Amino acid sequence: MHSLYAVCQQLVDGRAARGKRYDLAGLLLLLVLAKLAGMKSLLGASEWAEHQEALLREVLHLSWKRMPCTNTYSYALAHLDSQQVNAQLAAWFVRQAKEKRSAEGTDAGAAPPSSHLAIDGKALKGTGAQMYGGENPQQHVLHVYEVQTGIVLEQCPIGEKRNEVSALKPLLTEVLCKGRILTTDAAQSYHAFGRLVKQAGGEVILIVKDNTPATRADLELFFEDPQADRSTWHSFESIEKGHGRLERRHILTSPDLKEFLDRDWGEVGQV
């Protein structure tokens with residue numbers, strides 16, 4: 001709790017000096033606790049803080065005369081740099097996870113939880129009616145997160161004149177990619193993506209769908225060829241039962257297309 005408060009103290013408060021009755025770090029800490037308690041709106045967070053006032057004052061040593069209203073939270077959030085908040089909180093979560101692993105003695109000899117990163121774009125609920133464009137478009141955000149811990153390392157909004165590809169490119173630095181495997185959906189399956197990740201010291205798993213029709217057709221022909229030499233191919237099958245259904249997953253892999261795909265896709269280990 002105290003370390004999170006210290007992180008919140010480092011954030012730049014964009015509010016005017018006049019009328020600052022509540023410190024920014026305290027407001028943010030209350031919002032985090034309210035969110036963890038299940039509150040889904042600023043009004044809900046404000047009411048929750050009022051109901052828990054006695055406990056919050058005791059635990060957090062609050063000196064405020066009364067708890068903030070909804071407008072106070074809204075005004076403070078509107079004057080924050082969201083990218084700075086994301087960066088500071090992500091760094092804090094990573095430190096917490098590392099300290100936990102160290103305390104449990106799981107660091108030595110094990111791959112770090114951050115070795116697998118997933119890239120995913122999401123539409124923000126309640127922001128619009130149309131998925132892309134239109135008079136009332138939805139707002140989209142691109143996330144890069146650790147699969148094992150769920151920690152979001154990067155989060156950036158996708159503007160009207162941008163897409164997931166252009167939003168992600170500036171994030172593919174050595175700091176993010178080195179020593180990690182990045183997985184993504186078909187939206188990022190373009191020729192330069194794998195090269196960018198490899199140049200930054202990472203590996204990538206791409207999904208080829210109809211947005212790359214030529215490559216998909218080539219792969220289908222390759223795997224359907226009855227006379228192909230399958231001596232280097234490998235297969236694996238898993239059967240899982242859950243959520244009221246039985247799922248059978250089968251994968252067939254080949255390392256034989258490295259030279260064929262190199263010109264367009266760069267170094268490809270297997271398909």
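These legends describe close-up views of a predicted model. Local features need pLDDT of at least 70, side-chain atom pairs count only at pLDDT 80 or more, and totals for chains, interfaces and linings use all residues. Residues are numbered from 1 along each chain as its sequence is written, and side-chain values use heavy atoms, leaving out hydrogens and water.

**View 1. An open sheet has 5 strands.** The order is S3-S2-S1-S4-S5, with mixed pairing. Strands are DSSP runs of E, at least two residues; helices are runs of H or I, at least four; both are numbered from the N terminus. Two strands pair if DSSP finds at least two bridges between them. Strand S3 (152-158) and strand S5 (203-205) are the edge strands, each pairing on one side only.

**View 2. Strands S1 and S2 pair in the antiparallel sense.** S1 covers residues 116-123 and S2 covers residues 140-146. They share 7 bridges. Asp-120 stands opposite His-143 in S2.

**View 3. Lys-20 and Asp-13 meet in a salt bridge.** Their side chains are 3.6 Å apart, N to O. A salt bridge puts a side-chain nitrogen of Lys or Arg within 4 Å of a carboxyl oxygen of Asp or Glu. Asp-13, Arg-15 and Lys-20 are linked in a network of salt bridges.

**View 4. Lys-198 forms a salt bridge with Glu-267.** The closest N and O atoms are 3.8 Å apart. The pair links distant parts of the chain, 69 residues apart: Lys-198 is in helix H9, and Glu-267 is in the segment after helix H11 (258-265).
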